[in-house]
Amino acid sequence: MKRILAKTLIFLFFSSYSIACSILQVPIGSTVDTAKDTFDFLDIHNSEAYGKDVSVLYRNFAIDYCEGSPLENVDLEVIIHDSRIASINLFSDSEFKNEVYNFTKNFISDPGEEAKNENWTGLKDLSIGGLNVYYSKTKLGEEIFEILEITNEEMINYPADEKLIEVIG
C-alpha cells in the first residue's frame, strides 16, 4: 500500500510541475485562438491588421508561463504568422547565466556540458520528432545571449522573415 501511495505522490508531483510550465504545451502551427488559452497576452492580436505576409512577435516574461522553472530573467517570444504560432523562443542575456540552458536541459534535452560553459558560442540541434528545437549562445559585442527556438519545418522560415513586427502592449 505504501508503494502505491508513494508512486501516486511522485506522479502527481511531476505532473503538476510539467503542467505549471505551459510554454511547451502550445503546439507550433496551432491557431492564435487556441494559443490565447495559454498565452493571455495574445488577446490583443488582430490578424486583419497584419495580413498573411507579416510575422508578429510578442514578448513577455517567461516565468509567468513556467512557474518553478529557472526562467526568472528570461524573455518569452511568441511569433505569429498568418494567425498561427510560428515559433516559441526563450531569450536571455549574459547577465543571467545558463537560465535557458538549465530550462532546456530539464524540460527538453541536454545540450551538453560544453554549451554550459559561459564562453561557449554555437548552436545545438535538439530537434524532436516534427519539432525543430535549437539551443544557442551567440556573442554580440561583449555580451553572450542564450536562445532556445522551437518551431517546425512548415513554420521555420517565418520567424526570420524580413517582415517581422514586434508588438508592444
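Predicted model: local features only at pLDDT ≥ 70, side-chain atom pairs only at ≥ 80, totals over all residues.
**The whole chain**

Let's start with the big picture. The chain holds five helices and seven strands. Read from the N terminus, these elements follow the order α-α-α-β-β-β-α-α-β-β-β-β. Of the 169 residues, 39% count as buried. The accessible surface comes to about 9700 Å², and carbon and sulfur atoms account for 53% of that area. Now look at the contacts between residues at least 6 apart in sequence: 53% of these join residues at least 24 apart.

**Helix H4 and its cover**

Which residues of helix H4 are buried? In this helix, residues 99-107, they are Glu99, Val100, Tyr101, Phe103 and Thr104. An α-helix has 3.6 residues a turn, so residues three or four places apart point the same way. You can find several elements covering the buried residues of H4, including those in this table.

| Element covering H4 | Residues |
|---|---|
| Strand E3 | 84-92 |
| Helix H5 | 113-116 |
| Strand E6 | 143-152 |

Strand E4 covers residues 122-125, while strand E5 covers residues 131-140. How do E4 and E5 pair, in the parallel or the antiparallel sense? They pair in the antiparallel sense, over four bridges.

Terms used
Residues numbered from 1 in each chain as written. Heavy atoms only, no water. Pairing = 2+ DSSP bridges. Helix = DSSP H or I, 4+ residues; strand = E, 2+ residues; numbered from the N terminus. Buried < 20%, exposed > 50% of the residue type's maximum accessible area, 1.4 Å probe, protein only. Contact = heavy atoms within 4.5 Å. Areas by Shrake-Rupley, 256 points an atom, 1.4 Å probe, with all protein chains shown as cover.
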